Amino acid sequence: MKSIYKLMIFLLTTIGIVSCEVQEFSDLNNPEVDAFEENITRGDLQDLVGGIFYSSRVRLGTYYDDVAVIGREYWRFSSSDPRFTADLLGKGTSILDNNTFYTTAPWAARYRTVKNANLILGFIDPSKDLSGQFSDEELSVTRGFLKTMIAYELLLNLNLTYDNGIRIDVADEDNLGPFVSRTEALTGIRNLLVDGANDISNGGNDFPFVMSSGFSGFDTPSTFLQFNNAISARVAAYQEDYPSVLNFLSNSFLDLAGDLSIGPRHSFSEDQTDIANPLFFALNSSSAGARIAHPSFVNDAEIGDTRLDKVVLRNSSITFDDLTGEYDFFLYDSRVAPIPIIRNEELVLLYAEANIMANPSETIIALDVIRNAASLPSYSGGMMASELTTEMLNQRRYSLYGEGHRWIDARRFNILDQLPIDRIDDEGNPDDVWIEFPIPLTENQ
Amino acid sequence: MKKHSLSSKGLLLFLFFFPVVLFAQETITGKVTNESTGEGVPFINIVEDGTNNGTASDIDGNFSLTVNNLPVKLKVFALGFTTKVVSVESTGSITIQVAEALEALDEIVVTGLATSVKRSNAANAVASISAEELVGTTPPPTIDGALYGKFPGAIVSANSGAPGGGLSVKLRGATSITGNTQPLYIIDGVYVDNSSIAAGLNAVSAAAAGGSASNQDNPTNRIADINPDDIANIEILKGASAAAIYGSRAAAGVVIITTKRGKAGETKYSVSQSTGWTQIINLLGTRNFNEQRVEDSFGAAEVPNFIAARDAGRLVDYEKEVFGEKGFITNTNFSVSGGGEKTRFFSGITYNNEEGIVKNTGYEKISVRLNLDHRMNDRVKLSLSSNYIHSSSDRGFFNNDNSGTTIGVGLTATVPWANLFPDANGNYPDYALGSSNILQTRDLVTNNEKVDRIILGGSANLDLYKAEKSSLELILRGGIDFYGQKSLAFFPKQLQFQKPSNGGVNGVSVQGATQNKNYNVSGFLVHNFTTDSELNFRTQAGLTREFFDRNTFLTTASGLVASESNVDQAQNTGINQFRLKQEDSGFFVQEEINYQDKVIGAFGVRGDKSSNNGDANQLYYYPKASIAANLHEFGFWKEDSFWNQLKLRAAYGEAGNFAPFGALFTSYTAFTTDGLLGISLIGTRGDSNIEPERQKEFETGVDIGFFDNRLSASITYYIKTVDDLILQPTREPSSGFTTEFVNAGSLRNNGIEIGLNATPYANDNFQWDTAVNFFKNTSEVTELNVPAFNIGAFGATLGTFRIEEGKSATQIVGITPNGLQVLGDAEPDFQMAFNNTVKYKEFELNFLFQWKKGGDNINLTALLTDLNGTSHDFDDIDLDPSGQLGNGDYRVSQLGTSAEVFVEDASYLRLRELGFYYSLPKNILESFAKGYVDNLKFGFSGTNLINIFDYNSYDPEVSNFGANGIFTGVEVTPFPSSKRYMFNVSVNF
């Protein structure tokens, strides 16, 4: 008997010691964030920066759909997701939901890019000695690049929530900064851009990484700085700080005589680990998934405007959720067509806008560049600021169609009430034109 | 009955050693035979009722008993057989037929890792399902599909009607919110895998693009591979109080499956064949179109098309076209068993082939089993279970999508006047009003999973020491579950939505290969010691090790060459690899104390480590304790009292549940941007300090039996709390993360389970057995350390689940004009099942009704059809409170205003199983089969033959998101469920 108990005691004591050491596994499938905290290498930096280009395109389709549908540029038909034609257009008593994909998904995707970039800023923090891998100049231009990308991403979110504001200080996920007002947010974004511009100016002549194909032509510190200034010009225009707009434009790639389509772009491919252009639908798509030009885009156009080639007449009209259209939105002709971030055409129009008060003749020069490029005769309207503004907004409507500006412009110039209303429901409730998106529920505001 | 067999122990000894010679006046001789086989049955007790006078049958079943006078009543009983009382009027030879008790299998309940306990001594309400209950009424498609209504405490739910399984089994309410909710399956000691491995359909359906990252591919869960015909018995440990000994994997319960084994004696053969068909439970029908309705919904341009088709009689009911097939089912089973004193075997082979109710869907399975038992000598027993399975399932292309391509979503957009049929050359026309031609999709898309699987289990029992009052046994066990799964999702380039001219990618082929290997080894020592006062101590201690290793490759190719499905014959190829590795190590000790079967107590502890915990080498301890008191053993009642059982029992135990995959790490994922590689966060923040969830369950109950258990009841109440609940609450998205894993709450389930069994009537020709079970569970989130958050489904606009302190864990909320409100709860009010067996002579009728009362679903199928103007009830007016709008317009009008109309009561009452059989009488068998055939039975059976529910779709039992999580009742154009009609023949010889 005793020997049995001895045996059992022996067995039990061996348990904790020998027999059950369990192997600990790290993440078997993916690189862990912690792995980059110490001694980041050039190869690591390339991969991390590559992620910025990737994530800055995630949910971009939803962002453009949000802005363009509310701006009555096109309708987004989706038989499997009715909220595009209900909530976004304010059908009947529908309202914007603060916890549904159109509010939360683009917002979260933009902040994810911000986080990706902030993490890299942490990995290359000046407090860390990375001299074995990078020169100080290389690290400086990298910071400039990252700050520019953060600022641009924040701007897109501010475009959605507008007067509801955004958070600017989000580097520490456990200690997030407060929501700040639109004015403060624009200031913060502009400061970040200027800060980034300084970092780039103080850095070397080369980035220590390769950029995506869409940034071709803007992938050296000096050319990327022009992109930085172009975004700053847009931000300054949103601030109605027109002298600064002109100042930023002078350091951007604005070229009144140049190709209007020039500018950095989001590029896409059909690779399985990549994203395809989310704004492409084949011509004559059914209501299962289609973007249909708002009829007013064609109806309001001047005769002969070649920019109408952005839409294509369908074989037959299409009706969905009491909306009927005849033209497909066709800004992008394939699943790999790039989406511009900011183009020379917008810079020309910003130049026109910034000069309305100070120098209207420059405005007309710039507007004529745009008009003539669209095969329209030169501007023959009045010289009053209001007339020039109307013309400028109209040219922006057609030049930047579907690129996320119409709603924001109508809001900036207080003409949201001029956007067309398509439906009135049986109880007499017309569609609504929203001013801004709610802050996502999950921000716990 | 047990009571007699036990309390008669002393009596039996008396009978063996002191043959009755006194006062002999009349001698009865005879033979005890098995009612079903006709063979003699040894060691059956035959006692003159109400006396101590008795004997036992010899090895051939013969007996002789001398009684004082005639007539006399003889009580015939033994463990494993139903007790019988026969009247004997005269001396001479008689034959007493005994039947193997259905409850015979109930007698022993496997509760430890190495040991079992008599049910009458068990402190938990452990459910047992015998082979007869499992497959006796009608052949089930899968074993989990046979658990419906068979015991209280489980919610079994089919996720879709696609052939080949896809079920979820949830025991005693909500056990976890983000973690595993499916029980652990153990077959003959082998931990078997029950994964559902996605075939990559998302590449085409884009189902996860709309804000819902969950798997909507609806794959088979791998327990479907297990062949129900091989199973002798299933035991279900429903919660931690019974399952604590299984430690860190047991929180969702444990299903212990024992397969059939050979018995010594004549070699027995059994052949059965079931053939039948399956068909849809109900078709919804199509909208009753007229010119005005067509114009309203589709525009004036469609009206001439509609008129032309209608006038030519070319309106097509596409719902019927797609779901109207009768799927042929055949199930063939052959088994042999037998052996000698030293070696016994059971071998079975099953071939199962089922077609679905949609063309090109089906499930095929071949299972081969060989079980061997060998007794080396008096001290050493060896046993081996081996099983090879090949299965192949074609699941069709269903469920949610964001591309309008699945057959289900496509059907919602398909109008009766469209012509989708192929021309004489086999070319399918494009469907002008939608993005897919559903008939083309049905005919040309492949979604196939093939599995080759080997499950091997072995054990050795060594008696190290044996004495009159004590013994020591060593048990060694090992097992392996190994399978390879290949999946192919093939979308050829001629599909409407694959044509580049329609924006397609010119064909997609997704091929997956998974290799899964689980193995486990364990060793136990069991020591028994009985004191002179019949106090028995059983001590056990053991070590266990489990290893899990899975590796999945999924290759997605698009832009296919010609009609090639090989993934290298393509323009773009992407590969995903996913590895899963886990090592667990544990020990346990348990002490059971049994005082004369009157009071039985047990306590023990399990310690577990796992690589899946933040600290792999930290031990987590899971204690248990239980006590049962058999009041009927105390002699409060006379032997002939109508009471024959009264047991009070209580048990407490704890068990764990691992953090879900990915909870421990914050990681990047690799992507590209036009060829430039990069790594990005994907939104979930892990935490390396996550603790496993801990379930604490207390259950208590009473078991009562009357009239020799002709009427018995078992009532159990439980409180089950889950602490350290691992939640994936939303983070402020501005943090860069949308969710994070945290231990942040507790929830509690209270429930009651009642089982009633009765034999209201029995005589020689007619017997009626009935069983009723009732189950009610309520859950509450008792603690939540993060803000309340929504989870599951598609957001508050369409109805979603919400975790909120003080509320039910399964509440459904949604937007309403008054803000976010509770619109329902997925938890049923209660569930009941009524199981009846009626035997009249050679006829046998079984039927099982199952009633689920309450419990809500989020039903979005109707909305999708509304948006396309095709709903069957589009023009009915019974939803709009103001009586103005048709249902279709009303539902659409509620979109963005209120989610209330999408939340529907999912109650149902079903005739789950029906079987009607006739067994050829012995004498006829004797006369024409000359004794070669022991038993021949044939009959008709069915599944889901009667379905009563008020739910606006095919079936309230549905889940778009598969089995995982507690948030399952979400419906988006599923594969409809079906009923089955089967004709069955079985022969034993």
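Helices (H or I, at least four residues) and strands (E, at least two) are taken as DSSP runs and numbered from the N terminus. On that basis, chain B holds 13 helices and 51 strands.

Good morning. The model before us is predicted: local features need pLDDT of at least 70, side-chain atom pairs count only at pLDDT 80 or more, and totals for chains, interfaces and linings use all residues. Residues are numbered from 1 along each chain as its sequence is written, while chains are lettered from A and ligands numbered from 1 in the order in which they are written.

Let me continue with chain B. Its radius of gyration, taken over C-alpha atoms, is 30 Å. The globule rule, 2.2 Å times the number of residues to the power 0.38, gives close to that value, 30 Å for 989 residues, so chain B is as compact as a globular protein of that length. Along the principal axes, the C-alpha atoms of chain B fill a box of roughly 105 × 65 × 60 Å.

I turn now to the contact between the chains. Two residues are in contact if their C-beta atoms, placed from the backbone, lie within 7 Å. How many residues does each chain bring? Chain A gives 84 residues and chain B gives 81. On the side of chain A that touches chain B, the elements giving two or more residues are helix 1 (2-19), helix 2 (42-55), helix 4 (101-123) and strand 6 (311-320) of chain A. The largest share, ten residues, comes from helix 4 of chain A.
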